[in-house]
Amino acid sequence: MSVKILVVDDEENLRFLYERELLDEGYEIILARDGRECLDMVEQHAPDLIILDIRMPRMDGLEAIGKIIEINKHIPIIINSAYSTYKDDFMSWAADAYVVKSYDLDSLKSTIRDVLEKKHLKK
Amino acid sequence: MKKILAMILAGGKGERLHPLTRDRAKPSVPFGGAYRIIDFTISNCINSDIRKVYILTQYKSLSLDRHIQRAWNALNGRFGEFVYIIHAQQRVNENWYKGTADAIYQNFYTLQQEKPDLVMVLSGDHIYKMDYREMVEQHIKKKADLTIATMEMDKQFSKDFGIVQISKTGQVKGFQEKPIKPVTIPGKPDSILINMGIYIFNTDVLVKRLIENARKPDSQHDFGKNVIPSMLKTDRVFAYSFNDKQTSQSGYWRDVGTIEAYYDANMDLLEENPQSNLFDNNWPIFTSEKQSAQAKVCGFEQKDGQLYGVMLDSIISRGCLINRAHIEHSILSPNIRVGQYSVIQDSILLDNVTIGKNCKIKRAIIDKGVIVSDGTEIGFNPKKDAQKGTISDTGIVVIPKNTVF
């Protein structure tokens, strides 16, 4: 069974980019445009991992983290933000990893592998 | 100097203090005449130069809110000093606080705003006087991640407390929650070290451990039960021992969580030289001050072998008028009226209680605003008392707020 990843980002182009690249890696991809859509998707589709942008309209990533954990305490979360400054925000510490956005997705991809591996080890 | 933020947990329901907690949160229950229970912890903070104080509430907080407004808005926010109440805000998720640890976790935003180096986690329902600066000093000296205040106690009380086991250097090695067979202090087979529920955390460690705890599905999200036991494996956890400096005995500390404990801690104040001395200019306990006439005891008379117009071994607050009555070994809060030939013994009367003439009251706690009509007896006939109020396990009668009879 393939791993289902929820990508949360308000930029359509980026969602498209992540979807295409991560599909190539063999993951199943579902998408959300902001924190609120993210919570709906977590409830309805039970993803195996979340890639979460921070600056988004309606509900930002930091607010979403607390609520995601409330729905599913085990779900791994990778923060994927254009800014590194949110590392100082305590809520961001609840994520399993923090990746600063770049158009080269190698770092994100290897982080996904690491986080999934750790999750398997825990089981 | 380290930047320290105090967070006082005031969110418990206080069910074992019912009916005193029927209309108010436990920290807001009046104590020792003019005080509220929480005044002790806040005064400790102020006296220890910790002047950033948040109080976390969730149940029945109106009374507490009002008290904090009246008594504690004396600090100047412009200079970063404050005593503020934070009600449960459902900021992180849509739940009420699930435990002591969850209360702090849900207030990450506040921690974020202040960014202290150290967080003191305190409880709003303990009666004690403690200089937190010594504990902070030890915390820094030991390079601890967490320091827990502890005190020695006889092992027979183990089932009421969290028990701490320490190494020779004071590092905490084990934790038992309310054990029947506790681990005793090495070399003192009859003594145990109890967790007083007073913690100093390095902020970053606190945040990390609270997040880990929030992601544990079967946790009760409690510091004593969950967070601290699991920290023993990962962090430097030390015990601070709370001693009275004059006697080098254990200091005075009471968790007034039950009617009995509340009653006893009040009565302790009536001793000639109580450990919980309220007349200590070096460690004042502050509270709100309202205007009223001074207390007055009048109408001395001897009748049928009883002295009236006298007060013995008692605390009497401002605004009380005791006319030709006999008060013995009792605590009278502000603005109480006691009528002629009434006898009050071993009792605690809270604000604005009116006792009529020829009443007899013994071993009772009478909540605010109660009006007792002439000739009433309380504390002599359990059957009759049960109709008026609640009777505790040891027979203390508690009359709920605003009862009229």
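This is a predicted model: local features need pLDDT of at least 70, side-chain atom pairs count only at pLDDT 80 or more; totals for chains, interfaces and linings use all residues.
## Where chain A meets chain B

Across the interface of chain A and chain B, nine residue pairs turn up in polar contact, both partners at pLDDT 80 or more. A polar contact here is a pair of N or O atoms within 3.5 Å; within protein, one must be able to donate a hydrogen and the other to accept it, and residues adjacent in sequence count only if both atoms are side-chain atoms. On the side of chain A that touches chain B, helix α3 (residues 61–71) of chain A gives the largest share, four residues. Helices (H or I, at least four residues) and strands (E, at least two) are DSSP runs, numbered from the N terminus. That side of chain A splits into eight nonpolar, two polar and six charged residues.

Residues are numbered from 1 along each chain as its sequence is written, chains are lettered from A and ligands numbered from 1 in the order in which they are written, and side-chain values use heavy atoms, with hydrogens and water left out.

## How much gets covered

The contact (heavy atoms within 4.5 Å) takes 16 residues from chain A and 20 residues from chain B. Together the two chains bury about 1600 Å², with 57% of it on carbon and sulfur atoms. Buried area means the accessible area (1.4 Å probe) that two parts lose on being put together, summed over both. Of the area that chain A buries against chain B, A:Lys73, A:Phe90 and A:Trp93 supply 44%, more than any other three residues.

## Charges and rings

Chain A and chain B share two salt bridges, each a side-chain nitrogen of Lys or Arg within 4 Å of a carboxyl oxygen of Asp or Glu. A:Asp96 pairs up this way with B:Arg215, with the closest N and O atoms 3.2 Å apart. Over all chains, the structure holds 26 salt bridges. Inside chain A, A:Asp34 and A:Arg58 form a salt bridge at 2.9 Å, N to O. A:Asp34 sits in the loop between β2 (28–32) and α2 (35–45) of chain A and A:Arg58 in the loop between β3 (49–52) and α3 of chain A, so the pair ties together parts 24 residues apart in sequence.

As for rings, the whole structure has 18 aromatic pairs over all chains. Rings of Phe, Tyr and Trp (its six-membered ring) pair if their centres lie within 6.5 Å; planes under 30 degrees apart count as stacked, over 60 as edge-to-face and the rest as tilted. A:Phe90 and B:Phe108 have ring centres 6.0 Å apart and planes at 65 degrees, so they count as edge-to-face. This pair crosses between chains, from the loop between β4 (77–81) and β5 (97–100) of chain A to helix α4 (residues 108–114) of chain B.

## The two domains of chain B

Chain B is divided into domain 1 (4–268) and domain 2 (296–399), with bounds from an automatic or database domain assignment. Their centres, taken over C-alpha atoms, are 34 Å apart. The two domains bury about 1500 Å² between them, 67% of it on carbon and sulfur atoms. In domain 1, B:Glu260, B:Tyr263 and B:Met267 lose the most area to domain 2, together 37% of what that side buries.

One salt bridge links the domains.

Terms used: Ala, Val, Leu, Ile, Met, Phe, Trp, Tyr, Cys and Pro count as nonpolar, Asp, Glu, Lys and Arg as charged, and the others, Gly among them, as polar.
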